[in-house]
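Here is a short briefing to read alongside the model. Please keep the structure open as you go through the points.

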Amino acid sequence: AVVALLATLLQGPYASSVFEYGNYRDFEGWLIEEPHPMLAVSRPGFAGDVEASSRYLLTVFGKRGAEDHVAGLDGHRIKLRGALVYREGRTMLEIEDGSIDVLEIAPPADRPISLGTVTLDGEIVDSKCYLGTMKPARWKSHRACATNCIAGGVPPLFVVESADGSRAHYLLVDSQGEPVNQRVLSYVAEPVRITGEERLLGDVRILAADPATIERLE
């Protein structure tokens, strides 16, 4: 009993992440298909201005990405119902099946901006669990689940933690901006070092790197 109590007390608090399971709301925005499906949602006071938008990663129920559900909708303004998943300023929507309606067709205004080459140490996580559907959703205890999620199409995030405890989150893609899911599975939930190009897509940080150059730190 004493050992169990000590183990409980030594556990750090769970991250402040939220999954509004089953609480589907209406969202409207511009669909961005690549490198992973996102919805550019206008911020309050900036209606109709794609540049003043927040980008929400999109998934569907289970350990799957949303690629098949939004195929061919790049540049379309759509309406959907989704459950919010969020943590530390990053947001995802789990789409309610059959809820997507096309409102308007027009090309999105934003494309990634290069910020130069960086070398970063961190951890590859699956964005859905990390942002709020499970806790703690990091490191070896979560490796099997994270691997299954990323293999199923959930966008991988690269989490970089600073000395002060703050974290930066990068959507991880290859050098050509294509998904890397199947090519990073062996590195998930481990401390790794990645050198690549930092890009900015609206408010989403992207790390574009060749998966073959990922280095393990342990």
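The count of disulfides comes to 0, a disulfide being a pair of cysteine sulfur atoms within 2.5 Å. This is a predicted model, in which local features need pLDDT of at least 70 and side-chain atom pairs count only at pLDDT 80 or more, while totals for chains, interfaces and linings use all residues. Residues are numbered from 1 along each chain as its sequence is written, and side-chain values use heavy atoms, with hydrogens and water left out.

- Cys145 is in no disulfide, and its nearest cysteine sulfur, that of Cys129, lies 3.8 Å away.
- Cys145 counts as buried because its relative accessibility is 14%; buried means under 20% relative accessible area, exposed means over 50%, and partly exposed is in between, using a 1.4 Å probe and protein chains only.
- Cys149 is likewise in no disulfide, with the sulfur of Cys129 as the nearest cysteine sulfur at 3.9 Å.
- With a relative accessible area of 2%, Cys149 is buried too.

**Aromatic pairs**

- Searching the whole structure gives 2 aromatic pairs; rings of Phe, Tyr and Trp (its six-membered ring) pair if their centres lie within 6.5 Å, and planes under 30 degrees apart count as stacked, over 60 as edge-to-face and the rest as tilted.
- Phe19 and Tyr21 make an edge-to-face pair, because their ring centres are 5.7 Å apart and their planes meet at 70 degrees.
- Phe19 is partly exposed at 21% relative accessible area, whereas Tyr21 is exposed at 61%.
- Phe27 and Tyr56 are also edge-to-face, at 6.2 Å centre to centre and 85 degrees between the planes.
- This pair links distant parts of the chain, with Phe27 in strand β2 and Tyr56 in strand β4 (residues 53-60), 29 residues apart.
- Both Phe27 and Tyr56 are buried.

**Strand β2 and its partners**

- Strands here are DSSP runs (E, at least two residues), numbered from the N terminus, and two strands pair if DSSP finds at least two bridges between them.
- Strand β2 (residues 25-32) pairs antiparallel with strand β6 (residues 76-87) over 6 bridges, and Phe27 stands opposite Leu80 in β6.
- Strand β2 also runs antiparallel to strand β3 (residues 38-42), joined by 3 bridges.
- Trp30 stands opposite Ala40 in β3, and a hairpin of 5 residues connects β2 to β3.

**A charge over a ring**

- Arg87 has its charged end over the ring of Tyr130, 3.7 Å from the ring centre; a charge sits over a ring if NZ of Lys or CZ of Arg is within 6 Å of the ring centre and within 35 degrees of the ring normal.

How values were computed:
Helices (H or I, at least four residues) and strands (E, at least two) are DSSP runs, numbered from the N terminus.
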